[in-house]
Structure formats: structure tokens, C-alpha cells
Amino acid sequence: MDIKQNISLKPYNTFGIDVLAKHFVSVSSLSELKEILSLKTYPNKLIIGGGSNMLLTKNQDALVIHINLKGISIISEDDHFAIVKASAGENWHEFVLWCLKHSFGGVENLSLIPGNVGTAPIQNIGAYGVELKDTFVSCEGLSLETNKIESFSKSDCNFGYRNSIFKQDKKGKYIITNVTFKLNKKPHKLNINYGSIASQLEQIQITNPTIQDVSRAVIAIRESKLPNPKEIGNSGSFFKNPIVSKAHYNALIENFPEIPSYTISDDEIKVPAGWLIEKAGFKGKRFGDYGVHKNQALVLVNYGDAKGIDILNLSKIIQKTIKRLFDISIEAEVNIL
Ligand code: EPU
């Protein structure tokens with residue numbers, strides 16, 4: 001176990017924010033993780049997976065534990081399904097590629113999402129009509145209180161839109177160590193109804209798509225809209241899409257008839273925050289080393305040496321402006337630390 005002092009977290013967060021961890025350790029086995037959690041010398045602990053859903057606004061006066069548990073295995077399979085278990089430290093996209101290589105379907109729409117397998121359930125990652133919960137069977141988590149492994153079924157996790165029990169009652173209480181998925185075999189059930197996937201497939205003249213084709217289409221769409229964190233620091237969508245009442249939506253379309261929307265229930269309409277932020281004039285705006293991405297207004301970016309606090313302040317200005325213009329409160333999706 002190699003606990004280091006005053007380590008820069010820049011390589012460990014996709015926003016590329018340069019703050020220090022007072023203590024830092026990268027953990028690649030469960031026994032090592034248990035040993036570290038039992039240390040009484042470090043009362044404050046911060047867990048980092050892929051670092052893709054956080055904005056670091058200050059030096060971290062804590063023991064930062066980087067989860068580097070690796071391994072993917074097939075637990076069982078029949079003619080229709082495969083049950084696959086992946087360790088928390090596996091990179092999410094590498095896991096998707098592993099599934100494609102084995103011809104296991106269900107996660108192809110989630111291609112190229114930054115982050116790791118272990119953090120995917122926390123916010124129930126989703127894109128292009130599919131969410132993690134659609135293939136999720138269970139996960140295991142190490143309790144920070146008891147230092148014992150507990151198992152969570154899909155219903156235990158209480159998944160919602162960018163939400164789970166790990167953002168509610170169990171927030172900060174467990175380290176997810178592995179996730180088990182149920183993936184489908186040929187003939188795969190594809191999910192290509194999400195507008196831009198169908199048109200992307202049409203554009204590349206694919207009429208009978210495979211899971212590999214769907215993945216390629218998703219990658220092309222993402223690359224055209226979302227900045228690659230290796231080139232421009234970012235955390236994907238900074239805000240969640242807000243849900244408004246039908247009455248509120250009816251009032252909005254009086255002034256903005258072109259506003260896109262998705263019906264959630266009889267009285268709930270989801271409105272894209274990216275549209276609101278663009279309409280408010282922030283898309284593509286740059287303030288020194290930080291700003292709002294030019295192709296997707298939901299994404300705040302670090303062009304180099306931005307400070308987390310500057311990005312946080314920009315997000316607050318955006319929130320206030322959206323409230324003033326549309327009377328809608330937009331909530332950050334990323335964790336502010
Ligand atoms: N839009 C704009 N301007 C913008 C961005 C979007 O007008 O700058 C409009 C689009 O034209 C479209 C609508 O908003 O009519 C929706 O846009 P898009 O399909 O790009 O999706 P989104 O709602 O902005 C969500 C997820 C993304 C995910 C995409 C695709 C959230 C918070 N974000 O974005 O997830 O990739 O759908 O499924 O739900 C992430 O979580 O990090 C993420 C990137």
C-alpha cells in the first residue's frame with residue numbers, strides 16, 4: 001500500500017482541474033481497499049473512479065482513494081443472454097468494446113460515455129434512449145461503515161433519471177466494487193428509435209444494423225457534439241434536464257413555440273437544459289480558460305488551466321439566468337467537491 005502526499009488530481013478528473021489531494025492511494029485489490037478503509041489515521045476519505053462526474057473546486061484535505069479494481073468475466077450464459085460481471089475500475093467504454101467483441105448487446109448506445117463501470121450505477125448513466133438500469137442486474141459495494149461487502153439488486157438501487165440510491169440515502173456510504181449485467185445475444189434487441197441514431201445510420205447507409213453499427217453511429221454523434229475530455233476538459237452534461245409541469249410548459253410555448261420537449265407523464269414535461277442555455281446566449285461563450293462548449297450548451301469546459309471555482313461561478317450565473325428568463329431551476333448533474 002503506497003499512500004502518497006500532496007498529489008495533483010489533474011490526471012484523475014476529466015475536467016482536468018489541478019488541485020491537490022493531501023493523501024492519495026490507488027487501489028487494485030479488494031483486500032487492499034479493506035485495509036485502507038480500516039486505517040483510523042485518515043478520517044476524511046474521497047473516492048475517485050473515472051473522475052468524470054465531478055468538479056473539484058479546492059484542494060482535498062482527505063485521503064483520496066482511486067479505485068483501480070480490474071477484471072471482466074462471464075458468470076453464465078444461455079442461448080439468449082449472458083450474465084457478465086465487471087470490476088469497478090474498468091473504463092466504461094472499454095467495457096462496452098469488450099461486450100461488442102463478445103457480441104453481447106444492450107450497452108452499445110452507451111458507447112464513449114466517460115467514466116468507469118463502478119460509478120456508472122451511481123447516476124444511472126444514460127444516452128440515446130438507453131440507461132444503465134436497462135441491463136443492470138446487481139452490484140456489490142463495500143460499506144464505509146462496516147467495511148463489509150453488501151449486494152444491491154436492481155430494485156434496491158431505486159434507479160431514476162440520472163439518479164439512484166447511491167445519490168440518495170446511501171450517498172457516500174459505499175464504494176461500488178463490481179457490477180453485474182444481463183446482456184442479450186443474437187438476434188440482438190436494438191434501440192435505434194432515438195432520433196439522431198436512426199438518421200446517422202441512414203447517413204452511413206446501414207439498413208440492417210448490428211450492435212457494432214449502432215455503437216459506431218453513437219460514437220459519430222457524440223464526437224460531433226461532445227468534446228473529448230482528452231482534448232478539452234469537461235464532465236459531460238453539467239446540468240440535468242429539468243422537468244416542468246404541463247401548465248408551466250404551456251406558458252413556455254406561448255413565448256417559445258420551438259422549444260423541444262419530452263413527455264414524462266400526464267403532468268410532467270422534460271425540457272432540454274442545453275436548449276435553454278443556448279437560448280440564454282451562453283453557447284460557445286469563452287471566459288479565459290473556461291466556458292460553454294460550442295456544440296452542446298449543457299457542457300461546461302476547461303480549455304487549459306481553469307479553476308474549478310470559476311466554472312462553479314459560471315454555472316451559478318447560468319442557473320440564475322435560466323431562472324430569470326424561463327422561471328426554471330436547473331440542477332447540476334456533476335458533484336461539486
Ligand atoms: N439542444 C440545443 N442546444 C444545445 C444542446 C441541445 O438546442 O446546445 C437541443 C437539441 O437540439 C435537442 C435537445 O436539445 O432538440 C436535446 O439535445 P441532445 O439530444 O443533444 O440531448 P440532451 O438532452 O442535451 C442528454 C443527456 C446526454 C446524452 C444525450 C443523448 C442529460 C443531462 N444529458 O442530453 O448525456 O448524451 O441526451 O442521449 O440527460 C451526460 O450525461 O454527460 C450526457 C452527455
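Figure 1. F24 is buried, with a relative accessible area of 4%, where buried means under 20% relative accessible area, exposed over 50% and partly exposed in between (1.4 Å probe, protein chains only). Y12 counts as partly exposed at 25% relative accessibility. The model is predicted: local features need pLDDT of at least 70, side-chain atom pairs count only at pLDDT 80 or more, and totals for chains, interfaces and linings use all residues. Residues are numbered from 1 along each chain as its sequence is written, and side-chain values use heavy atoms, with hydrogens and water left out.

**Figure 2. Aromatic pairs.** A search of the whole structure finds 15 aromatic pairs (rings of Phe, Tyr and Trp, the last by its six-membered ring, with centres within 6.5 Å; planes under 30 degrees apart are stacked, over 60 edge-to-face, the rest tilted). One of them, Y12 with F24, is tilted, at 4.6 Å centre to centre and 40° between the planes. Y12 lies in the loop between strand 1 (4-8) and strand 2 (20-27), and F24 in strand 2, so this pair ties together parts twelve residues apart in sequence. Strands (E, at least two residues) and helices (H or I, at least four) are DSSP runs numbered from the N terminus.

**Figure 3. F136 and F159.** The ring centres are 4.9 Å apart and the planes stand at 80°, so the pair of F136 and F159 is edge-to-face. F136 belongs to strand 10 (residues 136-143) and F159 to the loop between helix 3 (154-157) and strand 12 (174-184), so parts 23 residues apart in sequence are tied together. Both F136 and F159 are buried.

**Figure 4. An aromatic cluster.** F15, F238 and F239 form one aromatic cluster.
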